[in-house]
Amino acid sequence: MKQLALYVLGPFHVTRQGVPIADFRSDKVRALLAYLALERDRPRRRDELASLLWPDVPDQVARRNLRLSLHRLRRALDDEEERSAFFEITRDTVQCRPDVIWVDALAFEELVIAVRRHAHEAIESCHACAERLTKAVELYRGDFLEGFFLKDCLAFSEWVALRRERWHALAVMALFWLAEYHRRRGHLETAQHYARRQLELEPWREEAHRQLMDILARLGQISAALAQYEACCRVLAEEFGVEPDERTQHLYRRIRRLRRQRVPNALPSRPTSFVGRERELAWLSERLTDPRARLITVVGPPGVGKTRLALEAAARHAFAFLHGVCFVSLAGEQAPERLLDLLSDRLDCGGQHRRTSRQQVFRFLREREMLLLLDNFEDLLAAPGHPRQEIAKILEALFQQAPNVKVLVTSREPLRLRWEWLLRLEGLKCPPESPKRTGDVESDVLASPAGRLFVARAQQVRWDFDPRGEARHVARICRLVEGLPLGIELAAAWLDRLSCREVADRLQHHLSSLATPFADVEERHRSLWAAFESSWYLLSPDQQQAFCRLAVFAGSFTARAAREVAGISEAMLATLADKSLLRRLSPHRYRMHELLRAFAREKLHAVAGEAEDMARRYRHYYAGFLQARVNDLQGARQKEALDEIREEWTNVRAAWTGAVTSGDADAVRTALEGMYHFLELSGRFREGAELFGQAGAAFAPAPPSPTDQVARRLWEQLLVRQGWFLWRLGRYAEAREILQRGVNLARQRQDEREEALALGALGLVLHNTGEYQQARRCYERSLALYRRREDVWGTGRALARYGLLLYTLGEWERARDVFEEGLEIAHRTGEQRGAAFFSAYLGLVNGDLGQHLRAVEQCEAALERCQQTGDEYGVALCLAYLGRALSHLGRHGQAQQTLDEALDRFRELGDGHAVAYTMTQLGEACRLAGDADAARQWFERSLAAYRELDSHGGMAEVLGFMGHLAFTQGHADEARRFFQRSFDLLADHPDAGPRLAQFARRWGEVWRALQCTPASLHI
């Protein structure tokens, strides 16, 4: 806040720190302050100031008077230090310090200039500028230096007059803009206030008289509006001897007609409250008050709430139309020429024949300012012949002959006219499926427009409806109908006889049963199916066929898929999107509302053989889609292929499931490799086990064994991949049984490719259960098979598995060599995931070799690659290895945060072994950070997790970490007990030696210090 405030708009007034200052001794002192404060841009010469305020006295006297006045001014301002607080004073000049003196006139002008410079479409519709103007007119208490006069100071008087005229004009203009802004928004009392303030400043201002007449008429004060016209006539005659111009007279005639002509402002009643659509209402508000917007069309599918929104907007903005709002329902009308007949009847403007009707309507509307709300326009657009051309001619003539008429249309498709401003409606926003926090379901429901609408309608049906106990079911209902308002209202109407859960269950399986029990609902809104039928009958036969066929898709789909599967052109897709039966998500991607899809599916099944044909083509299209991306999933385009499949995943999964349930072996065989690689690379292990398990069961050979070797090979492939995903989920016993069978069957058929894959997966199970020598044999055989087949991708995967086993067995240098070979292969093929994983594995082994900084760099590089490709499992793995390396580098806080994130991701993915491993690393990170209690807790949790997995090797390793912790804490006996328990777990294990060798590399010195080296191991 500045120290000094100078008020010069209106009577002269000064405050310092909010305290008024009055002791200025003379008007010349006041004038000096005002001039210096306003002419602050440069220093003012003393000669200039003296001649301005004392023009008729000798120069010497004038300069002395200036010195005395400047002294009195400083004393009045309590500014008597040697260096002035408010002025820069030299021997020849004086200048005001702008940083300490605030002037209302300058603040006023700055606000108005900001409005002029602001990049808005129109000042009258800009909220930010309205706020500036409101502040500006509050500052304008009156004309500049009102009542202030210095006689015999002509130059000063001229300076005052110029400033006064400028700021007066700006004030009048600001008041006009503000009045217009509030008039357009229906704030008519506020608008009237600003219009009257204009007339206080300029009683002869004709624009202000017109503005006030218009506002009074909209307030229903017709007599006052006409009286204002008479006042305008008087003042113009007295001041200038003229009559009002034609615009004012025209407005007068329009207002006068309001006395004798009924305003057709009867909108249909709205029996329920309006909920949501705040953004859409705001957009309509701007258009309804924008003179440029003559035709506004609200478009959307049946039941989305087009009419309700249009009625709400029209009711809220009826003030904007001097002669009211006229509502016309066009439901069932399929002759464009009937539009004018219906308007004539509704407006009560006479005319029995088409020609007469047209002329009467145009003549009636020519002098009126009205809104025509034309509902259900899609019926006219479905008329035979060329209805759009006829409609275009009618509306073109209407807009030309009735310049103050707007048309608001509701339709299921746009009119496609150049006048048109389009608002497309979708379902209301629904509560999210997964709340951010456990207790957020209720707040999510009440925060979402769909949830609020359901609660509002439910409380009309059941007075005691409490959303708190029903929030989860309310959210489910809203999502099932995808926020469609009609669906929500129909569902809520059943609450007088069903619970929310029962309504949701019924919707889940019988969407077509959703109907209203209310008798006063329009026929085509009595059920969702009735609403959809009304759209169905407006389609041509080829449009009906296309709409039905698109029901085969689940979720969104591309134009190419529609063409290949259903034989539908992009032009037809655009037509259905125009009719609000599809939603265009991007230039070549579409989506059908789930409720519309259920309706279309019923129509599809009504045509003999059509549904089966579409389902078959659908299955094979997406099977081919997957097959075409197998090479990319194994190579340089891995990320792109993953993204492409993710976008189509809803359809891909539905096509796979359909192929399995229908026994379509060809489609499953085509899709199999792409499905396996996608599920593995994207970390969808549970889905993988589920989908391949279902497929394996569906295609299992029935006894006696069939002779169809092709079918048997498919079953074996499904079996091996199911086993792979069971291993990922830590279900080792099931995975081992299935994979061993897969190995045997592949060997019987001499299928080296399948044998190599099955051996690699079986080796992973054996590795995790501590059967290292068997795992080694599986890995080495698998690697040899891949090398013999010159399968580069398979060789890389086999090297990764083999290298991890070598690392587990303590052969770290050899493991590093294997990982480096694998990394070279990944670089050669361009496969991002392989490169990322081998970098992470190198980081792991280099950490154990003491190269911790190198380990961090390699893990960070691997993490970045996985994040770029969207590899969820890869990200989790790299985080775990990175956290381990960071902890050994001494970056403890970052290490624990990184490991926490890895743990959360592994839990979400369902990899129990990785969860237990990460807990172990969290324990070691806490130990290195000096938090022994936290370390012990993590080790105990890891031990329990490995015990649940029956992983003896994992349990033995955790016990070793616990022994090391006890040793570092000085508890030698406790440390011996932990190590002994570790030895005991491996004592009877045939592969204990290699595992103990790895432990010896890690804890050998501790064992020797404790004298507890196992007898079976010599170190």
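A: Let us begin with a term: a residue is called buried when its relative accessible area is under 20%. Please note that the model shown here is predicted.

Q: On the two faces of strand E10, which residues are buried?

A: In general, the side chains of a regular strand alternate between the two faces of the sheet. In E10, Met 370, Leu 372 and Leu 374 are buried on one side, and Leu 371, Leu 373 and Asp 375 are buried on the other. Strand E10 comprises residues 370–375, and six of its six residues are buried.

Q: Which strands are joined to E10, and by how many bridges?

A: The general idea is that strands pair through backbone hydrogen bonds, either parallel or antiparallel. Strand E9 (residues 325–329) runs parallel to E10, and five bridges join the two. Within this pairing, Ser 329 stands opposite Asp 375. Strand E11 (residues 405–411) also pairs with E10 in the parallel sense, over five bridges. There, Met 370 has Val 405 as its bridge partner.

Q: In what order do the three strands E13, E14 and E15 form an open sheet?

A: The order is E13-E15-E14, and the pairing is antiparallel. The edge strands are E13 (556–558) and E14 (583–586), each of which pairs on one side only. On average, neighbouring strands of this sheet are turned by 35 degrees against each other, direction ignored.

Q: How many bridges does E14 share with E15?

A: E14 pairs with E15 (residues 589–591) over three bridges, in the antiparallel sense. One example is Arg 583, whose bridge partner in E15 is Arg 591.

Methods:
Residues are numbered from 1 along each chain as its sequence is written. This is a predicted model: local features need pLDDT of at least 70, side-chain atom pairs count only at pLDDT 80 or more; totals for chains, interfaces and linings use all residues. Side-chain values use heavy atoms; hydrogens and water are left out. Two strands pair if DSSP finds at least two bridges between them. Helices (H or I, at least four residues) and strands (E, at least two) are DSSP runs, numbered from the N terminus. Axes are lines fitted to C-alpha atoms, for helices over the stretch in contact, and angles run from 0 to 180 degrees between N-to-C directions. Buried means under 20% relative accessible area, exposed over 50%, partly exposed in between (1.4 Å probe, protein chains only).
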